[in-house]
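Keep the 3D view open as you read.

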Amino acid sequence: MVSRNGYPIDARLGLAVAGARCVSGLSRVLGVGGGTAAPGHLASRVDPQALEKLAGRLEQGAVLVAGTNGKTTTARILADILAADGRHVVHNRAGANLVEGILATLTADAPTRGRLGPSIAVLETDEGALPEVLTRVSPTLVVLTNLFRDQLDRFSEVDMILAAWRRALENLSTETTLVVNADDPSLVALTDGLEARRVLFGIEESLYQLDEVPHAAEVISCLRCARPFSYRSIYLGHLGDWRCEHCGTSRPPLDVAGRDVELWSYDFQSLKVTGAGTDTRFEVGLPGLYNSYNVVAAIAAGRTLGVPGAVAKTSLSHYRGAFGRAERVVYRGRSLMIMLVKNPVGCNEVLRTISGVDRAFASPMLLCLNDQASDGRDVSWIWDVDYEQLASSPTDLYCAGTRWADMCNRLYYAGVQPERIHPLGADLGLAVDSFAAALPEKGSGFILPTYSAMLAIRHDLSRRDHLAAFWSE
Amino acid sequence: MAGRGHVTIGWLYPAALSTYGDRGNVLALAQRARWRGLEPRVVKIDQYDPMPETLDIMFIGGGQDKAQAQVAHTLTDTHGPALRDRIDGGAALLAICGGYQLLCHEYVTLGGESIPGLGIFDAVTRASRVRLVGDLSVRTRWGEVVGFENHSGRTYLGAGVEPMGWVATGQGNNGEDETEGVVCGRAVGSYLHGALLPRNPELTDWLLLEGLRRRQPTIELEPLTNDWERATHEPFHHVHPARRQSPHRSQAAQRRAAAQTSTRP
């Protein structure tokens, strides 16, 4: 017997999907926020195999995007590219990236045969959830962006994540392709000698290089001789063209490379992507070299999935940043640029991006430090960020969030003049008001929030109609 | 005040052992010296570097298990005798987390294997399967000391050994005997990240003075305001630290909390 949507009838799964959709609809009506895990919890209660079954119905399978930084942006770009190519894309766009959130995404958009083009899922996946999702979903493609220190109160150690990933990756067959950042030596070692096919991407660039691996970066030692790598070029954190002088291991040749990057402003860059049958210049509304990596990763994945370069180029030119990641908001006549900071390497990159365009940090900044579970309860990481570069700027720095005092203290020890450090307290709504009020008419400023602070600020601004409604995208 | 002299800070294994913002400790020592007109000289000592002849203060941080295992041999064999010599010569020392463990007698792994430490501190550490993670505040001779702990090793002090302090909230050395850290002469070991010294300036100044008095027995450090440092202790003085929301925002806070259960950045 075949159901209306063209699949064999599975009463249990049907009930799971219907129940999950009810919960999801209810929570929206009641206004308790989108992207919640509740529908996923319910679905897995009703049918413990719901995730496997729903993933199995995707005609072109699932793509997982994992890594410390850039997974949201990479997944979004890839989902847009695939949609532009006429596929029906199921995507956890609201960022629900744990097992239940991924299941909720699949129940909300359970594939129906013969409509909207061939179905494919693009699933941003949390580092901790990746092993389980890999095993249960059997993806056709996995994008690994990078691995940095982040939320060590939750994961304890980067080495522990690597070990758990390796165990799960070893079970993949030749059916799966891994799209891996070759500039990250630990990801190359992680994916060496697996059954799965591997496509390596990276950056080949001379303009935007660092003089040394910044303190915030993970020091990656050669797996064979335990000596630190040397670099022909360092692009970001420990990412670059690495090599072990001792045993000669080095970055493998790139299958897909980003070249000739031109970082124009906070919301525009252009770069050339070569390899895998592409040699195209892309223009995209995203700042910073960290986003160049996201673009190259998404293009490499798109090529592997058969998207023509011209389609990707058009799609990218329409791309709009994920919320809070490089988002400009006009509030009370002031232009506020919201740039999410989650960990030391990411925060250093945001500061580098700002200093690249806003010479000498001339615009005021609001630094929002929260210590919720999604930010990491341990705020020690701020001591690995190079805030010292703000000490010589003449501008005012405002601190808010649950750990505003730690943020003020960090700036104080960075050598910022005490009269330039302004505490604005834990209430982020009030803090944004005070910050905007302190800016001149038509002036502009930067807001650098941690994850939960970014959500809170966005929520607050959306209530006042300055942004699209929460989770609406 | 300029030209008052200098303070030399030896930072052991900044590459391998500096995982949890422990660099903040070196920044705090250097900055509080600078604010008193003393020139800070920070010497990074990596695995293959020789130990400098004169050091006023030494710092060693924590790292991941693999990194810690890599430097353990260097510390006990290559640098060990020199480090002991600098301590005997009057240098002050702060060791955090993994560094603290490496300076005890031994570290016993889950498999029962003993990895010898330097034995600066009369204590042993045993691996455990459960990590002790969270905010930690301690009553010490420097007043309230706060930070964040994140360790699976449990450290047990020898009989009569002075702890750095007594746990007020959190777990401390082993989650059992309410001790946290260790003090032995001018050497302090602790599990506290945070970073520790920028949030606890009385301890920072004590280390500076202890280290400097080797060369300048009468030196004093003028007091600083310590307002921001004290403000970072605020979250420990409330029942639900740092989770305060004004009443009209509590619904939004709940909503965010609900969203976070399914959302990871």
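This is a predicted model: local features need pLDDT of at least 70, side-chain atom pairs count only at pLDDT 80 or more; totals for chains, interfaces and linings use all residues.

## Two helices in chain A

Contact here means that the C-beta atoms of two residues, placed from the backbone, lie within 7 Å. Helices (H or I, at least four residues) and strands (E, at least two) are DSSP runs, numbered from the N terminus. Helix α14 of chain A covers residues 428-438, and its axis comes within 9 Å of that of α15(A), with a crossing of roughly 70 degrees. That makes α14(A) roughly perpendicular to α15(A); angles under 35 degrees count as roughly parallel, over 145 as roughly antiparallel, 65 to 115 as roughly perpendicular and the rest as oblique. Axes are lines fitted to C-alpha atoms, for helices over the stretch in contact, and angles run from 0 to 180 degrees between N-to-C directions.

Sorted by class, the contact of α14(A) with α15(A) has 5 nonpolar, 1 polar and 1 charged residues. In this scheme Ala, Val, Leu, Ile, Met, Phe, Trp, Tyr, Cys and Pro count as nonpolar, Asp, Glu, Lys and Arg as charged, and the others, Gly among them, as polar.

Residues are numbered from 1 along each chain as its sequence is written, while chains are lettered from A and ligands numbered from 1 in the order in which they are written.

The pLDDT is the predictor's confidence in each residue, from 0 to 100. Chain A averages 87, and 91% of its residues score at least 70. Over residues 468-473 of chain A the pLDDT is below 50, and this stretch has 14 contacts in the model beyond near neighbours in sequence.

## The six-stranded sheet of chain A

An open sheet of 6 strands in chain A has the order β12-β13-β17-β14-β15-β16, with mixed pairing. Its edge strands, each pairing on one side only, are β12 (327-331) and β16 (421-423) of chain A. From one strand to the next, the twist averages 25 degrees. Two strands pair if DSSP finds at least two bridges between them.

Inside this sheet, β14 (residues 365-368) and β15 (residues 397-400) of chain A run parallel and are joined by 4 bridges. Look for Leu366(A), whose bridge partner in β15(A) is Tyr398(A). Helix α15 (residues 451-463) of chain A packs on the sheet, where it touches β12, β13 (334-338), β14 and β17 (444-449) of chain A, and its direction makes about 130 degrees with that of β17(A).

## The nine-stranded sheet of chain A

Chain A also has an open sheet of 9 strands, with mixed pairing and the order β2-β3-β1-β4-β5-β6-β9-β10-β11. The edge strands β2 (88-91) and β11 (278-284) of chain A each pair on one side only. Ignoring direction, neighbouring strands of this sheet are turned by 20 degrees against each other on average.

β2(A) pairs with β3 (residues 119-124) of chain A in the parallel sense over 4 bridges, and Val89(A) stands opposite Ile120(A) in β3(A). Helix α4 (residues 71-84) of chain A packs on the sheet, touching β1 (62-66), β2, β3 and β4 (141-144) of chain A, at about 165 degrees to the direction of β3(A). Helix α10 (residues 289-304) of chain A lies across several strands, including β9 (256-265), and runs at about 140 degrees to β9(A).

## A look at chain B

Chain B has 7 helices and 14 strands, and 50% of its 265 residues count as buried. A residue is buried if 20 or more other C-beta atoms lie within 10 Å of its own, exposed if 12 or fewer, and partly exposed in between, with C-beta atoms placed from the backbone.

Strand β9 (residues 143-151) of chain B has 7 of its 9 residues buried, so it is largely enclosed by the rest of the structure. Strand β8 (residues 132-140) of chain B pairs with β9(B) in the antiparallel sense over 9 bridges, and a hairpin joins the two through 2 residues. Within this pair, Asp135(B) stands opposite Phe148(B) in β9(B).
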